[in-house]
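Please look over the sequence and the structure shown here.

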Amino acid sequence: MTSGYLTHPLPRKKTVPVMIGQVTCGGSSPIVVQSMTNTDTADISATVEQVAALAAAGSELVRITVDRDEAAAAVPHIREKLLARNVDVPLIGDFHYIGHTLLADHPACAQALDKYRINPGNVGFGEKKDRQFAAIIETAIRNNKPVRIGVNWGSLDQSLLTRLMDDNKKSGSPLSAREVMREAVIQSALLSAELAEEIGLDRSAIILSAKVSQVQDLIAVYTGLAERSDHALHLGLTEAGMGSKGIVASSAALGILLQQGIGDTIRISLTPEPGGDRTREVQVAQELLQTMGFRTFVPVVAACPGCGRTTSTVFQELAQKIEGDLRRNMPVWREKYPGVEALNVAVMGCIVNGPGESKHADIGISLPGTGEQPAAPVFIDGKKAATLRGPDIASEFETMVHAYIEKRFGQG
């Protein structure tokens, strides 16, 4: 059965592929999901736990903060403990202000990381800027590590911005301040990448990002960056916000760029709610790529929104339970049942669209709506396979889903 999604990714802008650990970004490789910890990196146990959780959720790259000596000293131990748990996800070190010093003083940290992320807006100031930038690039070259040059307009190079603003005032047809700001973000990334190559860093070891916090600005900046460079690009809307606001804003911005073929790695930068699960940003990134047809991560569960015909909450509870069960089991099922990510399940709430949607799914159930007979037909591969009745419909259908997965995707 078809999943209802595109069978091939949309054409992507041609970029230079970059190896990060065992993960390839750019070129013709799949778009990669990235996340970032919010633990104190010096707290080795807490950071190991969160990195492992993010990796288990499907994060293919994980960024950690390296902001002081204690954090840099902890990095090799974090790597060691992750490997002891068979977690081999690439680690990215996030450096600001004193990255050149930390990498020089902690060579084990420089070696343990799989990539360095530096911000040209705060890597150094005045006459120190180029020297400290060069020190980080030279360390990357010695250790054979790629570098993400990550511009953020909250910490934009003020000397560059001032120069562009002055030039704009003198021009015959000046741009708006917002347009100059966008151009400054783009130029900061391109000029820094050019300098890194002049120092000796290979083009295949450079990833660019240019993060802003407004959707239209992000689209404009990355569109311009993609037109003027073939570097691999990391997408993300910075300071996207909490909950549905952050999800909607990130999805709107990244969705448009991805549809244009722009982007090689992505992160959904959600502000977690108090006590919230950090892995939520990984799930949203996966759902965005899967919804758009670029990649398949977990089986799709189609469920109707409910209406006056579906006064029972049984279908809502069952859809939630099935989706949670599938996502929870995916780390094991990916190995045990190759191809299970393509599974399509339907949980419908009444007779109007229920049977039809269930027939289109690999396995689907149509629960009885208001006034309908208390029977739930189950369809497998387009054909009616059973009719469930009674109080145990949910558990019986869940058992049937597991049996279907074993039969279709099991290698025994």
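## Overall build

This is a predicted model. The protein has 412 residues, and 51% of them count as buried. Its secondary structure comprises 13 helices and 17 strands. The C-alpha trace spans about 80 × 55 × 40 Å along the principal axes.

Take the contacts in the protein with a separation of 6 or more: residues 24 or more positions apart account for 66% of them. The exposed surface comes to about 18,500 Å². Carbon and sulfur atoms supply 52% of that area.

## How H8 and H9 cross

Two packed helices are described by the distance between their axes and the angle between those axes. Helix H8 covers residues 215-228, and helix H9 covers residues 243-259. Their axes come within 9 Å of each other. The crossing angle is roughly 25°. Angles under 35 degrees count as roughly parallel, so H8 and H9 are roughly parallel to each other. Their crossing is right-handed.

## What lines the contact

H8 contributes Val215, Leu218, Ile219, Tyr222 and Thr223 to the contact. From H9 come Ala249, Ala253, Leu254, Ile256 and Leu257. How do these residues of the contact divide into nonpolar, polar and charged? Nine are nonpolar, one is polar and none is charged.

Key: Residues numbered from 1 in each chain as written. Predicted model: local features only at pLDDT ≥ 70, side-chain atom pairs only at ≥ 80, totals over all residues. Heavy atoms only, no water. Axes fitted to C-alpha atoms, helices over the stretch in contact; angles between N-to-C directions. Helix = DSSP H or I, 4+ residues; strand = E, 2+ residues; numbered from the N terminus. Parallel < 35°, antiparallel > 145°, perpendicular 65-115°, else oblique. Left-handed = near helix turned anticlockwise from the far one by under 90°. Contact = heavy atoms within 4.5 Å. Nonpolar A, V, L, I, M, F, W, Y, C, P; charged D, E, K, R; others polar. Buried < 20%, exposed > 50% of the residue type's maximum accessible area, 1.4 Å probe, protein only. Areas by Shrake-Rupley, 256 points an atom, 1.4 Å probe, with all protein chains shown as cover.
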